Amino acid sequence: MKKLKIGITCYPTVGGSGVIAAELGQLLAENGHEIHFITSSVPFRLNKMYHNIYYHQVEVNPYAVFQYPPYDIALASKIAEVAEREKLDVMHVHYAIPHAICAILGKMMAKIGMKIVTTLHGTDITVLGYDPSLASAIRFGIEQSDAVTAVSNALVQQTYDLIQPQKKITTVYNFVDERVYRRVNASHLKKEYGILEKEKVLIHVSNFRAVKRVPDVVRAFAKVREQIPAKLLLVGDGPEMTVVSRLVRDLHIEKDVLFLGKQDQLEELYSISDLMLLLSEKESFGLAALEAMACGVPCIGTDIGGIPEVIDDGRNGYLCQLGDIAGVAEKALRLFRDPALYDSFSKAAEKTVTEKFYSKKILRQYEEIYEQLVNEV
Ligand code: GMT
């Protein structure tokens with residue numbers, strides 16, 4: 001394939017969409033494309049030097065008269081500046097609003113023929129899509145993009161239901177970097193955290209927003225722990241943390257719940273875990289579940305959004321109804337009490353990643369989209 005100049009915009013802070021954008025940029029660079037990140041700070045997973053990855057910072061003017069700093073305008077101007085100077089072939093933005101709108105505006109300012117690819121990640125549709133004041137802007141961003149992808153079939157359907165755009169939306173699943181996400185020897189961590197060999201380790205990783213239903217995770221864990229020795233690793237931080245800490249205290253399980261805060265090197269934490277819990281009420285994909293599965297950790301998730309496209313119920317994990325805490329605990333115990341069943345789930349989890357969500361396969365799907373657009377007359 002012809003090597004392209006590709007701009008990428010995402011929210012660079014911790015979050016699945018930023019992770020995917022940063023890792024996609026690295027894989028594209030490894031395939032010989034020239035990558036220009038145009039973001040408000042360096043994407044947090046972008047921690048290796050590549051000669052063909054550039055980073056252009058969006059500076060927002062703090063002019064006192066502005067009640068709200070104009071990030072969108074600053075980003076559009078930066079996209080225009082970079083696109084024009086570097087002659088970008090493609091601008092790939094993650095999130096319909098504001099990023100697709102900024103790319104459309106940037107392209108108009110730059111007056112060049114660059115193509116715009118927009119990837120929908122979830123909350124831009126499943127939360128903002130319910131706001132009537134934003135729905136037309138989201139529809140505009142989608143319809144004016146040259147190609148639109150979404151991270152699951154469920155999200156494609158939700159976008160059509162909520163936003164009703166006249167545009168083809170293609171599912172391109174998320175992926176993990178298999179070189180990073182694999183089972184590693186991190187047994188020293190167990191000792192350091194004071195986790196006993198006989199204890200099962202459950203893990204939850206998220207940004208602790210209300211949609212993640214972390215209290216359900218804690219309640220399900222408390223039921224498991226009534227039956228077998230177990231520890232819960234809570235990884236991440238966010239608005240629900242106070243509620244979660246209070247619940248842990250009220251349930252008197254403080255000594256078995258470890259609040260680890262925001263962490264890198266998640267593969268080490270997954271490698272000491274036996275089960276991942278993702279009990280969200282909205283989840284367009286569930287990248288954290290995929291990362292855990294890549295390390296051989298089965299996952300129990302809610303039967304919501306894109307989670308059933310990641311968890312194959314009864315094969316590599318289990319699905320439960322939202323809020324079915326007793327069901328989650330019962331399924332976790334079933335797995336822990338049957339080592340042969342557990343082993344088959346763990347192997348199936350790894351296989352799902354290498355077959356359905358293999359990074360090279362997903363990379364190729366994005367490359368084909370870019371290729372088709374730049375070859376259009
Ligand atoms: O889940 C979040 O709160 C973060 C959000 C984001 O923008 O990073 O995650 C969304 O995108 C991820 C990557 O595609 C998906 O794995 C998450 O399922 C999705 N979150 C929701 O739909 C709530």
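The C-alpha centres of domain 1 and domain 2 lie 30 Å apart. The domain assignment, which is automatic or taken from a database, gives residues 5-175 + 358-374 to domain 1 and residues 187-356 to domain 2. This is a predicted model, in which local features need pLDDT of at least 70, side-chain atom pairs count only at pLDDT 80 or more, and totals for chains, interfaces and linings use all residues. Residues are numbered from 1 along each chain as its sequence is written.

**Where the domains meet**

Twelve residues of domain 2 are in contact with 15 residues of domain 1; contact requires C-beta atoms, placed from the backbone, to lie within 7 Å. On the side of domain 1 that touches domain 2, helix H1 (16-30) and helix H6 (153-163) each supply at least two residues. Helices (H or I, at least four residues) and strands (E, at least two) are DSSP runs, numbered from the N terminus. That side of domain 1 comprises seven nonpolar residues, eight polar and no charged. In this division Ala, Val, Leu, Ile, Met, Phe, Trp, Tyr, Cys and Pro count as nonpolar, Asp, Glu, Lys and Arg as charged, and the others, Gly among them, as polar.

An open sheet of seven strands runs in the order E3-E2-E1-E4-E5-E6-E7, with parallel pairing. Strand E3 (53-57) and strand E7 (169-171) each have a single partner strand, so one side of each has no neighbour in the sheet. Two strands count as paired if DSSP finds at least two bridges between them. Neighbouring strands of this sheet are turned by 25 degrees against each other on average, direction ignored. Axes here are lines fitted to C-alpha atoms, for helices over the stretch in contact, and angles run from 0 to 180 degrees between N-to-C directions.

H1 lies across strand E1 (5-9), strand E2 (34-39), E3 and E4, and runs at about 155 degrees to E2. H6 also packs on the sheet, where it touches E5, strand E6 (147-150) and E7, and its direction makes about 160 degrees with that of E7.

The other open sheet has six strands in the order E10-E9-E8-E11-E12-E13, again with parallel pairing. Its edge strands, E10 (257-261) and E13 (317-320), each pair on one side only. The twist from one strand to the next averages 20 degrees.

| E4 (residues 90-94) and E5 (residues 115-120) | parallel | five bridges | Met91 with Ile116 |

**The ligand shell**

The ligand is surrounded by 19 residues, the closest being Gly15, Gly16, Ser17, His121 and Gly122. Domain 1 and domain 2 each contribute at least three residues to the shell. H1 and helix H4 (123-126) each supply at least two residues, and H1 gives the most, with three. By class, the shell holds five nonpolar, eleven polar and three charged residues.

**Backbone details**

Most residues other than glycine have a negative phi, and most peptide bonds are trans. The peptide bond from Ile97 to Pro98 is cis, with omega near 0 degrees. Pro98 sits in helix H3 (residues 96-110). His252, a residue other than glycine, has a positive phi, near 55 degrees. His252 is placed in the loop between helix H9 (241-250) and E10.

**Annotation**

An unreviewed UniProt entry carries the annotation "domain: Glycosyl transferase family" for residues 190-351. UniProt positions are given in the numbering used here, feature names are shortened, and annotations may be inferred rather than shown by experiment. Over residues 190-351 the chain is 44% helix and 18% strand, and the end C-alpha atoms are 26 Å apart.

Terms used:
Two residues are in contact if their C-beta atoms, placed from the backbone, lie within 7 Å. A residue is near a molecule or strand if its C-beta atom, placed from the backbone, lies within 6 Å of it.
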